[in-house]
Amino acid sequence: GGDVRSFWGRRSTQVSTNAVLSAIAVLAIFCLANFLAVRYNSRVDLTENQIFTLAPQSQQVAKDLRSPVKVWLFEITANPADKELLENYRRQSSQFSYEVVDPQAQPGIAQRFGVKSFGEAYLERGEQRELIQTVSPEQRLSERRITNGLVQIGSDRQTKVYFLQGHGERPLEAGQGGLSQATDNLKDESYAAAPLNLADTAAIPEDAAVIVVAGPQRPLLAEEVTRLKEYLTRRSGLMLLIDPQTNPELAGLLDEWGVAFSDRIMVDPTAGRDGTVTIITQYGQHPITESLQNGISFYPEARPLELGESPGIQSVPLLVPNPRTQAQKIGTDGKLQPDPATDPQGTLVLGVALSRPVTSPPPAASPGSPPSPAPSPSPSGEARLVAIGNSAFITDGLLNQQLNKDVFLNAVNWLSQQENPTLAVRPAELTNRRILLAPAQQLWLVLTALVGLPIIGLVMAGGIWWKRR
């Protein structure tokens, strides 16, 4: 007994015991932390723009999945960034899964999907299979394409967007002034784009959710304007993108909406060149522009709008130029004719969103039924109109610059009035924190680092040596 008490009373024994107990405690904490991490998986994204977190729209779409959906990525080795994106979706829903397949090692699966090249990514839901993207070292897997693919593969039909043709409007084909990038982006957002020539059709198609009139160069026929007016008496969406020095003769339609396109052109006297590129950084409070605040969109050679009041019409300015912008006349020779005394300035509007409620007629009474009080019409959504004094901002080469694409796609989303609209999901981007120095500043920085700091160090070392001498 005395030997045992002596053993536990030694200082070395107590130190060793404390060390063993500390090691056991650390090991227990480590095991418990790992158990909790596996059992309750949670992450915190501390980056400024949440670049490692899915957009709220993507999270909601994934959580709303009601049947299993799987992404098949046909690559030899998946990029870590692509796998991380797919993992983010998997964490949101047990209905989402993914698999990376080497098409050379598993040719049967590749043949089933009809894979033609490495990098193809497919969505599979039951018997439905859809190619969503082909990835490459330059183009990684896109959150926007996956999210819109999830919405589209669960939908029975695509929303139709018609582009009016026949009056010199922007062509849908690729090329300068074309709209191929606009139609491609609409496809990514689960829309189907198609041309519409009212001279060849007896009526506007019933599946037309949105009609876009982009840059007509010649007047519309009176019958075509009448059809557009009738279209706006039901649940509908019309986008008018009208350039300066054109007159599509839409006054008969626009007068009842309280809006008109001015015959002037916007000019910012302080801007470069001739100042005819209107840069917008101020946006109205509207669903189309609520996420664009402080961003830049630009419109080459734009015309202002003239807004009035019309009963039953709700009007919200979307694009507001800076107060320096003027509205100048254009002479018969095509040149600007500035007149500071008469040129409007400071209260101009480039784009506007308008809406009014529409009602559906009451159902007709069946023959032989007893008379009853006439039922009142029931609400049936809205007729919506977006008017912008420029069409060049959605053309190939300009659409994907700054926020031009966001303005266009958000306007289409709002006009379409879908019950569950496919929202434009734009990936978060790193904030540019690079310091840009002028050449003279760079020279001074180099001289300070290579010459100034060593000299200061030598002087301080010499002073210390002299003091201790």
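This is a predicted model: local features need pLDDT of at least 70, side-chain atom pairs count only at pLDDT 80 or more; totals for chains, interfaces and linings use all residues.
Visitor: Which strands make up the open sheet, and in what order?

Guide: The open sheet has three strands, in the order E10-E16-E17, with antiparallel pairing. Strand E10 (265-267) and strand E17 (336-337) are at the edges, each with a single partner strand, so one side of each has no neighbour in the sheet.

Visitor: How many bridges pair E16 with E17?

Guide: Two bridges pair strand E16, residues 326-330, with E17 in the antiparallel sense. To find the pairing in the model, look at Lys329, which stands opposite Gln337 in E17.

Visitor: Let us turn to another strand. Is strand E8 mostly covered or mostly open?

Guide: Strand E8 spans residues 236-241 and is mostly covered, with six of its six residues buried.

Visitor: Which way do the residues of E8 point?

Guide: The general idea is that side chains in a regular strand alternate between the two faces of the sheet. In E8, Ser236, Leu238 and Leu240 point one way, while Gly237, Met239 and Leu241 point the other way. Both sets are buried.

Visitor: How many bridges join E7 to E8, and do the strands run parallel or antiparallel?

Guide: Strand E7 (residues 208-214) runs parallel to E8, and four bridges join them. Ala214 is the residue that stands opposite Leu241 in E8. Between the two strands the chain passes through helix H8, residues 222-231, and this β-α-β crossover is right-handed.

Visitor: Now the charged side chains. How many salt bridges does the structure hold?

Guide: There are twelve salt bridges in the structure. One of them links Glu124 with Arg112, where the closest N and O atoms are 3.8 Å apart; a salt bridge is counted within 4 Å.

Visitor: Is Glu124 buried or exposed?

Guide: Glu124 counts as buried because its relative accessibility is 14%, and the cut-off for buried is under 20%. Arg129 is partly exposed, at 35%.

Visitor: Where do Lys160 and Asp207 lie?

Guide: Lys160 and Asp207 form a salt bridge, with 3.5 Å between the closest N and O atoms. Lys160 is in strand E5 (residues 159-164) and Asp207 is in the loop between strand E6 (191-196) and E7, so this pair ties together parts 47 residues apart in sequence. Asp207 counts as partly exposed, at 38% relative accessibility. As for Arg112, Glu124 and Arg129, salt bridges that share partners join them into one network.

Visitor: Last, the surface. Which residues form the nonpolar patch?

Guide: The patch consists of Leu443, Trp444, Val446, Leu447, Leu450, Val451, Ile455 and Val459, which together have about 820 Å² of accessible area. Trp444 is found in helix H11, residues 439-468.

Visitor: Why does Trp444 count as exposed?

Guide: Trp444 counts as exposed because its relative accessibility is 60%, and the cut-off for exposed is over 50%.

Note on methods:
Residues are numbered from 1 along each chain as its sequence is written. Side-chain values use heavy atoms; hydrogens and water are left out. Two strands pair if DSSP finds at least two bridges between them. Patches are made of residues with over 30% relative accessible area and no salt bridge: like charges are joined within 9 Å, nonpolar side chains (Val, Leu, Ile, Met, Phe, Trp, Tyr) within 5 Å. Accessible areas come from the Shrake-Rupley method with a 1.4 Å probe; for residues, only the protein chains shown count as cover. Buried means under 20% relative accessible area, exposed over 50%, partly exposed in between (1.4 Å probe, protein chains only). A crossover is right-handed if, with the strands pointing away from the viewer, the path from the first strand over the helix to the second runs clockwise.
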